[in-house]
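Subject: Structure for you to look at

Hello,

Here is the structure I said I would pass on. Please open it first, then read the notes below.

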Amino acid sequence: MTLPNSDHLAAELCRIAHAAGAVIMTFYRDDMAIRSKADASPVTDADEAAERLIIDALGALAPDIPIVAEEQAAAGQTPAVGDGPFWLVDPLDGTKEFISRNGDFTVNIALIRDGVPVEGVVHAPAVPVTYFTKAGATHIIENGGESRPVTVRSPDPDGLIAVVSRSHHSAETDDFLIGYTVKV
């Protein structure tokens with residue numbers, strides 16, 4: 001397995017995610033056909049077009065690394081990954097949000113080694129913001145600007161901020177958060 005160095009890999013993953021995001025946004029502006037997968041979750045042409053672009057680009061970048069991609073997996077096409085590294089791709093994470101046009105969806109690409117994501121990118125094309133790893137650190141690009149490292153602030157003594165899904169909110173999440181002081 002030959003991969004570019006971390007800086008080049010980060011740049012390539014961002015380039016691929018941004019290209020997939022551009023494809024997704026062409027569908028976002030137009031009427032879209034919505035179908036259901038076997039698990040009753042929605043899928044659109046945007047999911048499939050972005051996945052094709054990502055698979056082709058990752059195949060060119062690292063042809064010997066298998067790709068596990070959501071829409072292919074939903075169609076029963078999951079490659080054997082064995083003990084080696086593999087790419088994990090969700091070309092349009094948040095399809096329900098994409099359909100409702102609220103902007104809360106992402107392109108996700110990760111390199112998995114020994115069951116752990118070691119490199120990756122999460123791109124929100126409607127915002128636009130991109131988070132990616134480079135040399136073991138997380139970076140952010142906002143509105144097409146320059147990348148900068150992400151830093152973590154100290155917890156506010158008046159309470160934490162919790163981010164929860166609009167589409168997948170559950171009693172389990174509420175039960176978990178009861179143990180914390182959360183700002184509203």
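A residue is called buried when its relative accessible area is under 20%, exposed when it is over 50%, and partly exposed in between, with a 1.4 Å probe and protein chains only. Asn108 has 16% relative accessibility, so Asn108 counts as buried.

The model is predicted, so local features need pLDDT of at least 70 and side-chain atom pairs count only at pLDDT 80 or more, while totals for chains, interfaces and linings use all residues. Residues are numbered from 1 along each chain as its sequence is written, and side-chain values use heavy atoms, with hydrogens and water left out.

Asn108 lies in strand β5, which covers residues 106–113; strands (E, at least two residues) and helices (H or I, at least four) are DSSP runs, numbered from the N terminus. Which residues does Asn108 touch, leaving aside those up to four places away in sequence? They are Leu88, Val89, Asp90, Asp93, Val121 and Val122, where contact means heavy atoms within 4.5 Å. With Asp93 there is also a polar contact between the two side chains, at 3.1 Å. A polar contact is a pair of N or O atoms within 3.5 Å; within protein, one must be able to donate a hydrogen and the other to accept it, and residues adjacent in sequence count only if both atoms are side-chain atoms.

Now the whole chain. The protein chain has five helices and nine strands, in the order α-β-β-α-β-α-β-α-β-β-β-β-β-α along the sequence. Of its 184 residues, 36% count as buried. Its C-alpha atoms fill a box of roughly 50 × 40 × 35 Å along the principal axes.

Regards
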